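Please look over the structure shown here before reading on.

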Amino acid sequence: MKQKFDIIESRCVPLPLENVDTDQIIPARFLKATSRDEKFFGDNLFRDWRYNPDGSLNDKFVLNDPRYSGEILVAGKNFGSGSSREHAAWAIAGYGFRVVISSFFADIHKNNELNNFVLPVTVSEEFLAELFDSISKDPATLVKVDVPAQTVTNEATGRSEKFELNAYKKYCLLNALDDIDYLLQHKEDIVRFEESR
Amino acid sequence: MNTLFDKIWDSHVVNSIEEGPQQLYIDRLYCHEVTSPQAFEGLRQRGIKCFRPEQIFCMPDHNTPTHDQDKEIENEISRKQVETLKKNAEQFGLTHYGMMSPDNGIIHVVGPEKGLSLPGMTIVCGDSHTSTHGAMGAVAFGIGTSEVEMVLASQCILQQKPKSMRISIEGQLGKGVTAKDVALYLMQQMTTSGATGYFIEYSGSVIRDMSMEGRLTLCNLSIEMGARGGFIAPDEKTFEYVKGREYAPAGEDWDKAVEYWKTLRSGDDAVFDKEISFKAEDIAPMITYGTNPGMGTAIAGTIPAESEISEEGLESFRTSLDYMGLAPGAGVLGKKVDYVFLGACTNGRIEDFRAFASIVKGRKKNPDVVAWLVPGSWAVSKQITEEGLDKVLVEAGFEIRQPGCSACLAMNDDKIPAGKYSVSTSNRNFQGRQGPGSRTLLASPLTAAAAAVTGVVTDPRTLL
C-alpha cells in the first residue's frame, strides 16, 4: 500500500534462518487469488511454518510467540530467494511489517518489497548477529529506522549503521509515489526511443 | 565494460534517473495467470490501456491440469484464475494461447519455440525462470507483479543495472552428464546467493557444444544462484534453432537480423565485474539432498557432515535435513524413491524426453514408483509422438500427460504427498514446493529415468 515513510521505531520479530525463500513466505497454493487482498496474503504469511498440518497454530514458530511483535521483521541472510511472486511482499505488508532487516536480500524480492512500500534494510553480518542477540535477551528491544537519514539503530546497544537506498527510491518512499507514476509521466520519451531504433 | 550484457542493456535504456534506476525498454512481455491479474486490475484502476499490446503474449500454465484439459478445470479458484487471464487478454487486446490451443504450454518453453524470444531482446515475465530465454542470446529476467503493471502501462520498467559475471566452463562433459548436472554443480559451487546482483554470461567449450535445449535448461537455473538472469551469446546453433519459427524474421529481414545478431558478443577486451571458471571434468551427474537447490552433491557423493557447515548456517542445515529425513554425512544412492517427475520449464523439452526414453527403453517402470511425464508444451507433445518416443515410454509402463507446470510447484492436482520422496527434473526443492510436506531430490532427466526403473536413487551411468 502506498504510504509515506519517515522514522519507524518498533519492536522486532526475529527469524534467524538463512535462505528463507518466497515459497516459505507464501506457499504456491495461496497464489490463486486474482485480487491484491493484503489481508488474505497476510493471514497466510509463513503459512506452513505458522500452522501445523491439522490447521492448529504451531506454538514454536516466532509469529505465534506472544513475546515478539512489531513492524520490523529481522531475518537471516539471503531473504526472499527463489520465486518472483510479489504475493510474498503483499503477505509481509498484509501482516503489518513495514521494514525487513537482513544482511542480504534476493534481488527480485527486494524490488517487490520496495514496490509495496515495505523497506528492505541491508545491514552488516555483525549488526545482524548483535541484533538477534539483543532480541533474544530482551524481546522488547527497539530498533529505529530513520529513512531520511538512512540509518538503522539497535537501541539496546546503541549500534547504528547507515543503509543504502538510492535517492530516487528514497524520494518515492518519503512521498508515497511509485514507479508507474514516474513511467506514465515519460510516455513521450518512450515513443521517441521507439522511433530512434 | 564492453560485455554483451552491457551492449544489450545499454541499447534499451530510455532514461537514466540521477542517483536512481534506469528506465529500461522491454521488447517482449509474457504473462501467465498467476502473477498478472493484479497488474491488469491496476491498469483498470488507473483507467489506462496497454501501451504496446502487440509485444505481449499470454498463456496459462501454472494451474492447468495435466489431464482432461478439454474439460472445465475442477478447482474453482484455479479455473477463475485461468479464465481471468483470458478475459484480461481480450479486454486489453493481447494474444492469448488458451488451454488446448496447440500453441499452449509452459511460457518459457513456448516463447523460444515460437520464435518470440530472439537474440538481442529484453524479455520479462512475472516469473523468476524467465532467465530461460537467455539461451537465445537475450537479456531476460523475472519481475514482480507491480513491474508487470509497469510494462503493460509503458513497455518499460525501472531497474538498477545488475553487475556482470562471466562463468566459463571448459573441457568436455563426461558420459551421462547433462546441462542440468552442470547447473546443479554451479549452484552447489556458487550457493543460492552466489550470483545475486549479477547477470551471468555463460561461455566456454561446454556451452558451445551444448544443444539449444541444454542451454535453455542452464539459463533457466541462473536464478537459483541468485542471478537476475543468465544468457549465452548467440551463435550458428542459435540461428539454426530460430530460423523458420513462426515469429522469427523471414526473407530479407532474416538476413538483416542475422547480420546484427552476429555482432552480439562480448568484446575481446570486455571487463566483467566477476569472472569464474570451472572444468567440465569436475562435473558428475548431480542430485540435491536439501531444501534449496544449492544443497546438491555428485550422485555417488555424500551429504556434508555438520562439521563442514558454518555456525550461522547450522540451524538452517539441520532444519533442512530434518525436513528431508536425511542424515548428515550419508550417501544418497540407493535411497527409495516414491515419485518421479519429468517436466517443467527446466526439463520439459524434446531432448529431455529423448534422454528419459534412452534409459527406460527395454526396461520397465518400477511398480512402486508413481511417474509423471509432462511435456513442456503441445509442440513438445506432438514431437514426442512424431519421434515414436511415446511408444517407447508406454511400453516401459509410463503415461504421457498434458502440458503445464504441473508438479514443479503443484498449483494443479499434481502434488507429491507429505513425506514422500520425489526425484524431480524441476528447479526447486524448497519445503512444500511439490505439495505440503513433499521431499524433492532435483536431478537430470537421465537420473530421473534411472530412479523410475529401479525405484531407488541410481547413478544413470550404470544404465547407459
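This is a predicted model: local features need pLDDT of at least 70, side-chain atom pairs count only at pLDDT 80 or more; totals for chains, interfaces and linings use all residues.

## Overall form of chain B

Residues are numbered from 1 along each chain as its sequence is written, and chains are lettered from A and ligands numbered from 1 in the order in which they are written.

The C-alpha atoms of chain B fill a box of roughly 55 × 55 × 45 Å along the principal axes. Of the 464 residues in chain B, 59% are buried (20 or more other C-beta atoms lie within 10 Å of the residue's own, with C-beta atoms placed from the backbone). Chain B contains 16 helices and 18 strands, which are DSSP runs numbered from the N terminus (H or I of at least four residues for helices, E of at least two for strands).

## Where chain B touches chain A

In this model, 57 residues of chain B are in contact with 45 residues of chain A, where contact requires C-beta atoms, placed from the backbone, to lie within 7 Å. On the side of chain B that touches chain A, the largest share, six residues, comes from helix 5 of chain B. By class, that side of chain B has 18 nonpolar, 29 polar and 10 charged residues (Ala, Val, Leu, Ile, Met, Phe, Trp, Tyr, Cys and Pro count as nonpolar, Asp, Glu, Lys and Arg as charged, and the others, Gly among them, as polar).

## Helix 2 and helix 5 of chain B

Helix 2 of chain B packs against helix 5 of chain B at an angle of about 50°, with their axes 8 Å apart; axes are lines fitted to C-alpha atoms, for helices over the stretch in contact, and angles run from 0 to 180 degrees between N-to-C directions. That angle makes helix 2 of chain B oblique to helix 5 of chain B (under 35 degrees is roughly parallel, over 145 roughly antiparallel, 65 to 115 roughly perpendicular, and the rest oblique).

In this pairing, B:Gln38, B:Ala39, B:Gly42 and B:Leu43 of helix 2 of chain B meet B:Thr145, B:Val148, B:Glu149, B:Leu152 and B:Ala153 of helix 5 of chain B. The residues of this contact divide into five nonpolar, three polar and one charged.

Conventions
A residue is buried if 20 or more other C-beta atoms lie within 10 Å of its own, exposed if 12 or fewer, and partly exposed in between; C-beta atoms are placed from the backbone. Two residues are in contact if their C-beta atoms, placed from the backbone, lie within 7 Å.
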